[in-house]
Amino acid sequence: RKIKAANLLTINIGLESGSERFRKDVLIRPPYTNDELIEFCHLAREEYGLKIVFFVLLGLPGETLADYRETVRVSRASQPHNAYVSIFFPYLGTDLATIAINMGLIDPDNLTPGAERSQATLSLPGFSSRRIRFEYIVFWWRVYRGYWPYLKVFAHMGRAFLQAHPKMYSLYLYLRNNVGFLMDLSNKFGFTGKEYK
């Protein structure tokens, strides 16, 4: 009620993981349950007309496929207006990078930022880098299928596919910025950041 009274329209939530265990033990987040989060999202949207945007991070050190499936379940049940989905990149000096180093998942001497946040650096037991990249692309299908128009779902999956392949994404950006109808399509599907406002 206070958020609405302050004329705010959007609430960004750093969900990162739908696994309560992972949020508590690894990410050291405030204690809230998935059921509380889902109820909050429905209340904010339906009672107050607020838009919820999730920030989701895949491939975190120690994350399992079951943890990721819980992220999808919570996101699907919450139906945020949109989501920023990224793949974990171990920035040296952060707690999560230190955890990844201690787990033997990365060699800090060979860590070079490339397509950070869209390519999997870690390959986890039962959640390989290849599977992480695949889930990064199909996240939109798993969460928004049946809620969004299919063309919008596929457009988001297409963008994620391109982002997961940096050379193709660079070509796409070049073409988008230099070919009028591609710019029109990008604007139509909200690939300018406007959909998060």
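Phe-161, Leu-162 and Gln-163 of helix 7 meet Pro-166, Met-168, Tyr-169 and Tyr-172 of helix 8, where meeting, touching or being in contact means having heavy atoms within 4.5 Å. The model you are looking at is predicted, so local features need pLDDT of at least 70 and side-chain atom pairs count only at pLDDT 80 or more, while totals for chains, interfaces and linings use all residues. Residues are numbered from 1 along each chain as its sequence is written, and side-chain values use heavy atoms, with hydrogens and water left out. Helices (H or I, at least four residues) and strands (E, at least two) are DSSP runs, numbered from the N terminus.

Let us stay with this first pair for a moment. Helix 8 covers residues 166-178, and its axis comes within 6 Å of the axis of helix 7, crossing at roughly 120°. Axes here are lines fitted to C-alpha atoms, for helices over the stretch in contact, and angles run from 0 to 180 degrees between N-to-C directions. That angle makes helix 7 oblique to helix 8; angles under 35 degrees count as roughly parallel, over 145 as roughly antiparallel, 65 to 115 as roughly perpendicular and the rest as oblique. By class, the contact of helix 7 with helix 8 has six nonpolar residues, one polar and no charged. In this scheme Ala, Val, Leu, Ile, Met, Phe, Trp, Tyr, Cys and Pro are nonpolar, Asp, Glu, Lys and Arg are charged, and the others, Gly among them, are polar.

Now follow the chain onward from helix 8. Its axis and that of helix 9 (residues 180-188) come within 5 Å and cross at roughly 105°. That makes helix 8 roughly perpendicular to helix 9. From helix 8, the contact draws on Tyr-172, Leu-175, Arg-176, Asn-177 and Asn-178, and from helix 9 on Gly-180, Leu-182, Met-183 and Ser-186. The residues of this contact divide into four nonpolar, four polar and one charged. Tyr-172 also belongs to the helix 8 side of the contact with helix 7.

Helix 6 (residues 129-144) packs against helix 7 (residues 150-163) at an angle of about 160°, with the axes 7 Å apart. That makes helix 6 roughly antiparallel to helix 7. Among the residues making the contact are Trp-140, Trp-141 and Tyr-144 of helix 6, along with Phe-154, Met-157 and Phe-161 of helix 7.

Next, some individual residues earlier in the chain. Leu-60 sits in the loop between strand 2 (51-58) and helix 4 (65-78). Leu-60 counts as buried because its relative accessibility is 0%; buried means under 20% relative accessible area, exposed over 50% and partly exposed in between (1.4 Å probe, protein chains only). Not counting residues up to four places away in sequence, Leu-60 touches Phe-22, Leu-27, Phe-88, Leu-96, Leu-122 and Leu-124. Its C-alpha atom is separated by 15 Å from that of Phe-134, 74 residues apart along the chain.

Asn-34 is found in helix 3 (residues 34-48). With 2% relative accessibility, Asn-34 counts as buried. Its side chain is joined to that of Glu-70 by a polar contact of 3.1 Å. A polar contact is a pair of N or O atoms within 3.5 Å; within protein, one must be able to donate a hydrogen and the other to accept it, and residues adjacent in sequence count only if both atoms are side-chain atoms. Leaving out residues up to four places away in sequence, Asn-34 touches Gly-18, Glu-20, Arg-23, Glu-70, Arg-73 and Val-74.

Lys-4, in helix 1 (residues 2-5), is partly exposed, with a relative accessible area of 37%. A polar atom of the Lys-4 side chain lies 3.1 Å from the backbone oxygen of Tyr-48. Beyond residues up to four places away in sequence, Lys-4 touches Tyr-48, Gly-49 and Leu-50.

Finally, look at the backbone of two residues. Glu-16, in strand 1 (residues 10-16), has a positive phi of about 60° although it is not a glycine. Gln-79, which lies in the loop between helix 4 and strand 3 (82-87), is likewise a residue other than glycine with a positive phi, near 45°. Glu-16 counts as buried at 15% relative accessibility, and Gln-79 counts as buried at 11%.
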